[in-house]
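User: I would like to see how the labels on a model follow from their definitions. Can we take them one by one?

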Amino acid sequence: MTETATLLIRRGAPGEAESWSRFDVAYERGQSVLDGLRRIRIESDPTLAFRFSCINANACKECMMRLDGKVVYACTARLEPREMRLEPLANKALIRDLATEIAPPDERLASFAVKPSG
Amino acid sequence: MRTAPDRVHLATDVLIVGAGAAGMSAAIAADEQGADVLLVDRSLIGRGGATVMAQMTVAVALGEEQPDDWRDHLRDTLKAGRGLCDEGLAALLCERGPDEIRRLDGWHVGWARHADGRIRAAQAPGHDRPRCVYVDFLSTGPAVSRTLRGQVQRQERIKRVGDLCITDIVVADGVAVGAVGFSVTDGRAVSIAAKAVIIATGGLTRLYARNSASANMGGDGYALALRAGAELIDMEFVQFFPIGHLAPRLIGMDPIMWDPFRYKLGGRLLNAQGRDFAADYGVPEDGRYVAPRDLLTRAILKEVGAGRGSPAGGVFLSFQHVPADHLREAFGPVIDRLAANGIDLTRQPVEVAPIAHYHMGGIRVALDMKTAVPGLLAAGEAVGGANGANRLSGNAVTEALVFGRAAGNTAAGAAPQGAWRDEAAAEALALVAATGPASANTAAVISELQSLMNRHVGPFRTVAGLQDALADIRRLRAAIGAAPPGRPGRFDTARLDWFDARNMLLVAEAVASAALARQESRGAHQRDDFPESDECWAINQAISLRGGKPVLERRPTKAAAPA
């Protein structure tokens with residue numbers, strides 16, 4: 001029997017009731033937590049939200065999240081054949097699921113004093 | 001203008017889509033010319049894209065390692081391009097490269113130096129001498145990104161917005177007047193009026209299952225340009241990087257990381273029998289590692305095809321002949337990162353295989369980076385032509401810097417040729433706000449596209465495979481339907497994937513169509529059914545969109561302008 005990694009993931013957007021999703025993914029030695037998250041989107045839930053860009057190189061630093069309460073990069077944290085609890089960063093504003101507002105304030109659309117062009 | 005309450009409208013002189021090296025260089029140049037700049041990226045500014053991933057080297061004829069001249073760099077570039085380079089673009093890249101490298105040096109990027117202060121250069125495949133500068137260790141791209149980002153942040157006139165996905169260029173009366181997209185953060189529609197728009201979105205390597213790309217390299221700029229009415233060129237030429245990391249699973253490292261160590265140490269490529277095989281395919285390796293990428297890719301895939309590959313489907317790369325202290329010296333702290341992945345190079349080889357790495361093709365531009373659509377420009381890897389049928393190693397970052405600067409200068413200096421009209425943006429805005437059925441898993445569609453592109457539109461192609469690919473692409477297009485699933489919302493990855501899939505399928509069709517038409521083998525395009533190169537095909541193929549379909553046309557290759 002193949003081993004599985006179980007990812008228990010905090011879901012939702014600000015103002016929504018606390019909810020968690022549980023996903024089993026096939027465990028393969030050496031894979032990253034990000035590998036597991038990407039597989040979940042393809043195999044079962046494309047709506048699962050998390051940030052990443054460089055995928056593998058730990059260059060973009062976008063995939064920060066909490067694994068069992070500790071801040072990690074999902075691309076360098078190893079997937080393990082056990083239950084792993086994933087939550088968004090605690091000290092950043094939540095956008096949705098595991099995605100948080102990590103852009104510098106002056107690089108957010110919301111920072112623009114935008115007048116409707118009406 | 002009446003604006004929907006959930007729409008944001010911005011205006012700027014120069015809109016730059018994509019914040020890698022090309023986009024940031026363009027922003028800095030346009031700012032220097034006094035233009036207001038809006039630099040947007042679907043990811044975070046200066047973090048997504050290919051530049052931050054470019055761990056390796058930058059080709060430039062500085063002449064500090066040993067005497068050099070940009071014309072020699074150009075000769076090597078044209079030779080690698082197998083007769084298809086736009087010589088004017090290639091010359092621009094080589095001639096202006098040194099200025100850009102010194103500009104970055106002035107901004108303290110940290111080029112590796114000799115003890116006497118000269119900037120170091122390594123010899124990379126296809127170059128006639130050491131010409132490739134770098135930042136140790138494996139830090140070239142991150143250092144370039146960080147340095148440009150620092151400059152961009154200092155300029156008052158450069159506004160930056162991340163998490164903004166551009167979905168269409170807005171064209172009014174044949175002139176590009178801005179763009180439409182949506183905020184990834186909250187799903188709101190965004191429209192941007194601009195006097196000039198620069199596409200600096202990089203390449204298309206995400207179309208392939210095995211790739212060295214960031215998640216956002218899905219060829220979106222090519223799709224934006226096509227739909228806006230611009231021409232693409234050389235779309236059949238996708239560069240595969242011969243020795244991408246395959247196994248054992250290596251995390252926290254770029255899969256193309258082995259290359260500079262081969263330059264320094266001469267790692268051996270071995271087949272399943274432990275034998276150096278490259279020479280069997282006429283690829284001159286003899287420990288010096290000078291083979292061009294297309295030839296080495298071919299040798300590796302032929303060896304795998306002959307059943308002499310490694311267990312994971314590649315070949316072995318071994319540094320076991322190199323003494324441990326030399327390994328430590330050359331790899332530096334990277335040795336420890338490898339150890340954390342359970343890899344000890346003194347005891348074991350790794351497995352490597354060709355992976356999609358760079359796109360030679362792209363948006364057709366003039367030397368000032370203008371496309372055929374007034375008001376629309378391109379820069380960096382998004383541009384096609386400079387590298388012909390095969391890119392010389394190290395030319396990608398040079399191209400990003402040089403073309404970015406050229407595009408920024410042109411865009412800032414050009415008089416506006418059109419004016420924003422909401423009606424011209426109506427269709428694009430409607431799509432961004434559309435609420436479609438969640439009929440297909442868009443992440444799975446992208447995954448399937450990546451597999452079929454790897455299988456049929458990789459380095460080796462056949463008429464049957466390419467026709468299968470085109471049929472599959474049409475099937476996937478039908479599967480995703482005409483509108484994104486659900487309704488606009490916060491960080492909606494399924495909708496983001498839908499917009500990506502829409503672009504990726506169009507660009508994949510362009511690549512496969514051009515590959516099917518080119519009945520010869522040349523550079524990165526190898527046809528098993530037409531294995532020889534054919535002088536009749538010493539021309540470029542341009543693609544434009546007519547009635548929603550990509551249409552191919554032959555164009556004579558542009559020779560250098562008379563001196």
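Analyst: In helix 12 of chain B, the buried residues are T442(B), A443(B), V445(B), I446(B), L449(B), Q450(B), L452(B), M453(B) and H456(B). The model is predicted: local features need pLDDT of at least 70, side-chain atom pairs count only at pLDDT 80 or more, and totals for chains, interfaces and linings use all residues. Residues are numbered from 1 along each chain as its sequence is written, chains are lettered from A and ligands numbered from 1 in the order written, and side-chain values use heavy atoms, without hydrogens and water.

User: Why does T442(B) count as buried?

Analyst: Buried means under 20% relative accessible area, exposed over 50%, partly exposed in between (1.4 Å probe, protein chains only). T442(B) has 2% relative accessibility, so T442(B) counts as buried.

User: Which residues is T442(B) in contact with, leaving aside neighbours within four places in sequence?

Analyst: Contact means heavy atoms within 4.5 Å. T442(B) is in contact with A494(B), D497(B) and W498(B), leaving aside those neighbours.

User: What makes helix 5 and helix 14 of chain B roughly perpendicular?

Analyst: Axes are lines fitted to C-alpha atoms, for helices over the stretch in contact, and angles run from 0 to 180 degrees between N-to-C directions. Under 35 degrees counts as roughly parallel, over 145 as roughly antiparallel, 65 to 115 as roughly perpendicular and the rest as oblique. These two helices of chain B pack at about 80 degrees, with axes 8 Å apart. They are therefore roughly perpendicular. On the helix 5 side, the contact is made by D220(B), Y222(B), A223(B), L226(B) and R227(B).

Notes. Helices (H or I, at least four residues) and strands (E, at least two) are DSSP runs, numbered from the N terminus.
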